Each structure stands twice: as C-alpha cells, then as structure tokens.
Amino acid sequence: MSFPFEYDHVQALVFGGTLPTRASFEDSTVVILPCPVDRTTSYVGGTRHGPHEILQASSHMELWDEEMQTDIHGVGIFTLPEMELPFGEMAALVDEIERVAYEVIGRDKFLVTLGGEHSITPPLVSATARKHPNLSVLQIDAHADMRDSYMGTVHNHACAMRRSLQYASVTQVGIRSLSTEEAEVLPKLKSHVFFDVNMRKDPKWIDAVVETLSENVYVTIDVDGMDPSIMPATGTPEPGGLSWPEMTRLLRATAERRRIVSADIVELSPIPGMVAPNFLCAKLLYKLLTYRFAADSRAKRL
C-alpha cells in the first residue's frame, strides 16, 4: 500500500517488538505514529528522543495482561516510521501532522501518536474530530496548557489545550501548574478541571471525570501528569500527580464507559541510563490498548 508520506528511512522500530510476526497496515486495527517534535520546549529539551525510546522499551514488554486476562496484540498493531517534519514556522508542522493523522484515522484505524512535545496534540484532535463527532478530550497533565500564546507562537506546547478547544471539549486531570492568565480564563472556557490539590477529596473522582466526557474520547497523556517519583523523565516536572494505579483505573473506567477513539503520549524526555520511565510509557500505552480492545481480543479467540 502507499503511506501518507514517504521518507528515506531504515526499517522502522516496531511497537511490541516481541511479536512473532509483524502485522501489515491493512490488517491492523491500531497504528502507532512516532512524532519526534522538540521545537517549543521551554525548560529541559529532549522530547524528540521520546518516541524512539518508547518503541525500544516496548520490545522488552510481555504481552499478556494479568489484570484483563488477555493479550490484545491479535487486533493488529502497526508502527509507522518516525515523521520527518518541516523546519521553520510551527504552522507548517502542525498542518503536516493534521494531514498525516487524518490519512490514518480516515482509514478507520485507531491512531496512537508518540511525542514529542504537547504541541502535536491540537492537530491530532482536529483530525480525530473530523472522523468522530461529539468528541471530548481527556487530558492527563500537570499543566493547564491553556495559554492563548507563549514565547511568540500560538502553537507552543503551553497552548496545546487552548488550541484543542477549537475542536472538542476538554477535561483536565491532575492539574497543578498554571499561570495567572490561565487561572482567570479557565472558568470562561469549555473545559472541566480536576486539580491535583483537591480532586481526591471526592472518593468517586474517577466517576466524576468520566461523567464530563462525551461519547467519543481522545486521550492525551502528558507524562508530567504522573508523580515524578515514577516519571522523572520529563522537561517540566511538578511535585504531586497521578500514581500508576490512579492512572490505570482512570483509563480503564474511561474505556469501559466511553469510546476511546484515538490517543497520544507526549513529553517524555529520556534520561540517559534510566530506562524505567521509557518502559513505563510503553507499558502505559499497551494498558490503554488493552482496556480499549480487550473485548475485541476475546471475541477473536471464540
């Protein structure tokens, strides 16, 4: 088949590299798109290395999920080569991401994009909304990312959710860092905010989060949304955040009560010699896919 882009690449890394055979694009339900953008990072850079390290870590990941009692790789997982993106203005980069994403989503694939910085999310949400109406975004993040503009561009990673609001409502979970500008504008925006400082006071906070979501859900996971004790490899770490059990319970509840249609994992800035955060991202992606496709996987075995 022809892909939505042609690059001069060696063989692409494959998500879940322990698979006995590699699924083709046509036969796959899930498509992984590595998108190594590192243009507007404002503290510690390195997000361009995130996709490669997640894919590398995934090759050492076991495929049976003990929680869901299934192995979902049979739905077909295909990994595209890393995107090669235009230099210069961010607008051209954003347009290319949107174009490629819709080429994949428009072919009825479940697209998971590996970042890269959070500026990649708005064009991904745009492409998803074109295919799936009544879309909402579940954002797991330390930062609100609701600035209208930052460091001279509306496409900065700090503006990712403000731009995404053009295409879908947004539910923000784990937020614990925002500017005065954002604090003043948030009540006026089409968003629901669950602040890390007080969201757990409601023992049913996960139910409350899911209730804010529409039928179709785009999940964006900024890894700094997690506690830095388990996720130190990010450019803008913040104290607090979600634990692994909180993260997985939230994703499972969302998958069981809503329809997750696409997702991204962003802002991994790998630390040389420390592989645990990279593996966490690979495992988290596979958990999300398992929650989403467990029923389909079981049906294939009947």
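**View 1. Strand β1 of the predicted model is covered on both faces.** V30, I32 and P34 on one side of β1, and V31, L33 and C35 on the other, are all buried, where buried means under 20% relative accessible area, exposed over 50%, and partly exposed in between (1.4 Å probe, protein chains only). Helices (H or I, at least four residues) and strands (E, at least two) are DSSP runs, numbered from the N terminus. In a regular strand the side chains alternate between the two faces of the sheet. This is a predicted model, in which local features need pLDDT of at least 70 and side-chain atom pairs count only at pLDDT 80 or more, whereas totals for chains, interfaces and linings use all residues. Residues are numbered from 1 along each chain as its sequence is written, and side-chain values use heavy atoms, with hydrogens and water left out.

**View 2. Strand β1 is bridged to β2 and to β3.** Strand β2 (residues 77-79) runs parallel to β1 and is joined to β1 by 3 bridges; here V30 has I77 as its bridge partner. Strand β3 (residues 110-115), also parallel to β1, is joined to β1 by 6 bridges, and the partner of L33 in β3 is T113. Two strands are taken to pair if DSSP finds at least two bridges between them.

**View 3. Eight strands form an open sheet with parallel pairing.** The strand order is β2-β1-β3-β8-β7-β4-β5-β6. The edges are β2 and β6 (191-195), each of which pairs on one side only. Neighbouring strands are turned by 15° against each other on average, direction ignored; axes are lines fitted to C-alpha atoms, for helices over the stretch in contact, and angles run from 0 to 180 degrees between N-to-C directions. Within the sheet, 7 bridges link the parallel strands β7 (residues 216-222) and β8 (residues 259-266), and V217 stands opposite I260 in β8.

**View 4. Helices α2 and α3 pack against each other.** The axes of α2 (residues 90-105) and α3 (residues 121-131) are 8 Å apart, at an angle of about 35°. Residues V94, I97, E98, A101, Y102 and I105 of α2 meet P123, L124, S126, A127, T128, R130 and K131 of α3, contact meaning heavy atoms within 4.5 Å. By class, this contact has 8 nonpolar, 2 polar and 3 charged residues; Ala, Val, Leu, Ile, Met, Phe, Trp, Tyr, Cys and Pro count as nonpolar, Asp, Glu, Lys and Arg as charged, and the others, Gly among them, as polar.

**View 5. V37 is placed in the loop between β1 and α1 (50-58).** V37 counts as buried because its relative accessibility is 2%. Leaving aside neighbours within four places in sequence, the residues in contact with V37 include L85, L93, I97, G116 and I120. The C-alpha atoms of V37 and G115 are separated by 6.5 Å, although the two residues are 78 apart along the chain.

**View 6. C35 and C159 are both buried.** The relative accessible area of C35 is 0%, and C159 likewise has 0% relative accessibility. With a disulfide defined as a pair of cysteine sulfur atoms within 2.5 Å, the count comes to 0 disulfides.
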